[in-house]
Amino acid sequence: MAQLDTLDTVVLVALLLATVAYFTKGTYWAVRKDPYASPYANGSASKAGKSRDILETMDKSGKNCVVFYGSQTGTAEDYASRLAKEGSSRFGLKTMVADLEEYDYDNLDKFPDDKVAMFVLATYGEGEPTDNAVDFYEFITSQDVSFSEGGGTEEKPLSTFKFVAFGLGNNTYEHYNSMVRNVNKALEKLGGSRIGAAGEGDDGAGTMEEDFLSWKEPMWSALTQSMELEEREAVYEPAFEVTEKPDMDAEDDTVYLGEPNKNHLEGASRGPYNTHNPYIAPIVESSEIFKVENRNCLHMEIDIGGSNLTYTTGDHVAVWPTNAGKEVDRFLNVLGLASKRHMVIAVKGLDPTAKVPFPSPTTYDAAVRYHMEICAPVSRQFVSMIAQFAPNESIKAEMTKVGSDKDYFVEK
């Protein structure tokens with residue numbers, strides 16, 4: 001038999017390693033992702049080690065509707081949460097909200113036709129997917145996308161897959177809402193059935209909220225017909241349980257008072273840094289460039305030394321906001337919590353799939369000051385939601401009208 005030369009040996013070894021890598025998906029030598037580069041760095045996020053199989057998760061928790069989101073700044077995640085709540089309260093759907101990066105997608109061909117998936121997808125930068133949607137986008141739009149065996153047909157593997165889609169974009173960018181358009185096209189090409197129109201919100205025109213509200217009503221009508229749902233009067237269903245901890249001191253080292261995650265709480269922040277594990281950068285210089293009656297402009301220098309971060313033109317700097325002290329005081333007074341503002345509280349989701357939006361344990365004051373958006377404009381949907389708590393029928397009727405009539409809402 002002919003002798004193998006060095007090159008032949010190298011090629012054979014490379015092929016062997018490639019074959020093992022393909023069939024094991026790198027299990028034997030994969031380096032575990034830094035936990036601080038994932039959502040689990042935040043004490044409020046889901047527990048590490050949970051299943052990445054969305055169908056298994058839905059079956060175990062009794063869900064028939066999953067709302068996936070691709071979000072960079074949190075707006076798409078907020079809309080996804082609102083859709084899930086409305087689907088549950090108005091139509092009796094068993095809903096859950098899901099971060100796209102926390103699940104695998106190769107078994108979507110087994111998605112039952114009595115369930116529905118919703119996608120709320122922001123377009124980032126120049127027509128790119130958000131950070132948490134990159135893997136999903138590359139998978140679903142690839143030329144050789146491969147699903148597990150069992151569902152659909154070879155040509156149309158997603159023949160049982162029903163979906164709903166809404167996009168968040170900005171018409172001042174060239175690739176307006178390309179994310180939702182491309183995902184919609186890919187899903188339909190694979191045999192998926194879209195319910196209702198694919199909605200598009202335009203932040204550039206300042207109409208995102210109304211675009212969302214205008215889209216979802218006909219979508220709900222189409223979904224009601226497709227899944228044979230019955231609309232009912234919306235009933236408030238709490239998503240979280242708040243437990244007071246009078247035996248704990250707010251100054252205890254384990255209580256979050258505005259820190260974003262456990263690393264920051266322990267004073268040992270380390271990278272890699274991202275949206276879940278932010279680098280808190282000091283402002284080293286701030287000076288006024290100009291100030292006129294209706295605006296002012298600041299020159300600001302931010303120190304990212306030691307963070308291993310680099311900044312290039314077009315990158316974003318996130319501002320970590322807090323609510324104004326007087327507004328926090330007003331809010332706590334209205335809710336009758338002023339005397340308990342420094343009471344330690346533990347917050348947990350009542351649904352096993354629900355994420356608590358901030359670290360726990362914390363205090364009423366810290367939650368309101370650092371994590372709740374108490375000064376934002378009130379949305380039309382929010383007015384409709386709280387109408388059921390009106391003190392009498394005339395006020396309830398007025399709130400219902402404000403919440404359901406676009407022109408009346410703008411007028412009032």
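The structure is a predicted model, in which local features need pLDDT of at least 70 and side-chain atom pairs count only at pLDDT 80 or more, while totals for chains, interfaces and linings use all residues. Residues are numbered from 1 along each chain as its sequence is written, and side-chain values use heavy atoms, with hydrogens and water left out.

**Chain overview**

The mean pLDDT (the predictor's confidence in each residue, from 0 to 100) is 86, and 87% of the residues reach 70 or more. Over residues 20-48 the pLDDT is below 50, and this stretch has 43 contacts in the model beyond near neighbours in sequence. Contact means heavy atoms within 4.5 Å. Where pLDDT is low, the predicted coordinates should not be read in detail.

The chain holds twelve helices and twelve strands. Both are DSSP runs numbered from the N terminus: helices are H or I with at least four residues, strands are E with at least two. Of the 412 residues, 37% are buried; buried means under 20% relative accessible area, exposed over 50%, and partly exposed in between, with a 1.4 Å probe and protein chains only. Among contacts with a separation of 6 or more, 71% are between residues 24 or more positions apart. The chain exposes about 24400 Å², of which carbon and sulfur atoms supply 52%. Accessible areas come from the Shrake-Rupley method with a 1.4 Å probe, and for residues only the protein chains shown count as cover.

Strand β3 covers residues 116-124; eight of its nine residues are buried, so the strand is largely enclosed by the rest of the structure. The table lists its pairings, where two strands pair if DSSP finds at least two bridges between them.

| Partner of β3 | Residues | Sense | Bridges |
|---|---|---|---|
| β1 | 65-70 | parallel | six |
| β5 | 162-169 | parallel | six |
| β4 | 128-129 | antiparallel | two |

Gly 70 has Leu 121 of β3 as its bridge partner, and Ala 117 stands opposite Phe 163 in β5. Tyr 124 is partnered by Glu 128 in β4. β3 and β4 form a hairpin with three residues between them, and Gly 125 in the turn has a positive phi of about 60°.

**The β8-β11-β12 sheet**

Three strands form an open sheet in the order β8-β11-β12, with antiparallel pairing. Its edge strands, β8 (240-244) and β12 (362-363), each pair on one side only. Five bridges join β8 to β11 (residues 344-349), and Glu 244 has Ile 345 in β11 as its bridge partner.

**A nonpolar surface patch**

Ile 283, Leu 298, Met 300, Ile 302, Tyr 311 and Val 317 make a nonpolar surface patch of about 570 Å². Patches are made of residues with over 30% relative accessible area and no salt bridge; like charges are joined within 9 Å, and nonpolar side chains (Val, Leu, Ile, Met, Phe, Trp, Tyr) within 5 Å. A salt bridge is a side-chain nitrogen of Lys or Arg within 4 Å of a carboxyl oxygen of Asp or Glu. Strand β10 (residues 295-302) gives the largest share of the patch, three residues. Tyr 311 sits in the loop between β10 and α8 (325-334).

**Ser 88**

Ser 88 is in helix α3 (residues 75-91) and is buried, with a relative accessible area of 15%. Leaving aside neighbours within four places in sequence, Ser 88 is in contact with Leu 93, Thr 95, Arg 232 and Glu 237.
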